[in-house]
Amino acid sequence: ACGAARLGVSTAFVGGLGDDEFGRFLLEAMNEAGVDMSACPIDDDLPTGVTVAAVRDGDRAMLTLPGAIAALTADQVPDAVLADVDLEAVFSARLHDPRAQDAIGAAVARGVSGYLGEHGGW
């Protein structure tokens, strides 16, 4: 999202955030990069999700605390944010989650031409 915003693309991000230091950092840093973060729901009860990547000798392991990321539902994504969307990005960790599939299906129904994930798209 930050890279697209730097290229001048109108960019918005919707992801569940906790009301914590990580969540506040993400809001501030991405807003400063030109990414519209106004539709991100803030969860008072869950922490912001965090992933730690451990790399050694060409091998990689990732540990994730999903936190508020996993609590996000398709109905929390405002239609106004998606009104002019041409491309929807869904991160691969969520592609097989039924809620992510619902969000992708809803985007297709609205006429979104494709989604981008780490392992492909349509």
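This is a short tour of the structure above, stop by stop.

Before you click, remember that this is a predicted model: local features need pLDDT of at least 70, side-chain atom pairs count only at pLDDT 80 or more, and totals for chains, interfaces and linings use all residues. Residues are numbered from 1 along each chain as its sequence is written, and side-chain values use heavy atoms, with hydrogens and water left out.

**Whole chain**

Start with a cartoon view. Helices (H or I, at least four residues) and strands (E, at least two) are DSSP runs, numbered from the N terminus. Of the 122 residues, 27% count as buried; buried means under 20% relative accessible area, exposed over 50%, and partly exposed in between (1.4 Å probe, protein chains only).

**The nonpolar core**

Now select Ala5, Leu17, Met30, Val35, Met37 and Cys40, the 6 residues of the largest nonpolar core. Such a core is a set of buried Ala, Val, Leu, Ile, Met, Phe, Trp, Tyr and Cys residues joined through side-chain atoms within 4.5 Å. Stay on Cys40: leaving aside neighbours within four places in sequence, Cys40 is in contact with Phe13, Val14, Gly15, Leu17 and Leu27, where contact means heavy atoms within 4.5 Å.

**Asp20**

Next, go to the loop between β2 (17-18) and α2 (21-32), where Asp20 sits. Asp20 is buried but has no salt bridge, and Arg24, the nearest side chain of opposite charge, is 6.0 Å away. (Lys and Arg count as positive, Asp and Glu as negative; His and the chain ends are not counted.) So what does the side chain of Asp20 reach? Look for the backbone nitrogen of Gly23 at 2.8 Å, then the side chain of Thr48, a polar contact at 2.7 Å. A polar contact is a pair of N or O atoms within 3.5 Å; within protein, one must be able to donate a hydrogen and the other to accept it, and residues adjacent in sequence count only if both atoms are side-chain atoms.

**Salt bridges**

Select Asp19, Glu21 and Arg24, which are linked in a network of salt bridges. A salt bridge is a side-chain nitrogen of Lys or Arg within 4 Å of a carboxyl oxygen of Asp or Glu. Arg24 pairs with Asp19 at 3.0 Å between the closest N and O atoms, and with Glu21 at 3.9 Å. Glu21 and Arg24 both lie in helix α2, 3 residues apart.

Last stop: Asp57 and Arg56, bridged at 3.8 Å. Asp57 is exposed at 73%, and Arg56 is exposed at 66%.

Key:
Lys, Arg positive; Asp, Glu negative; His and termini not counted.
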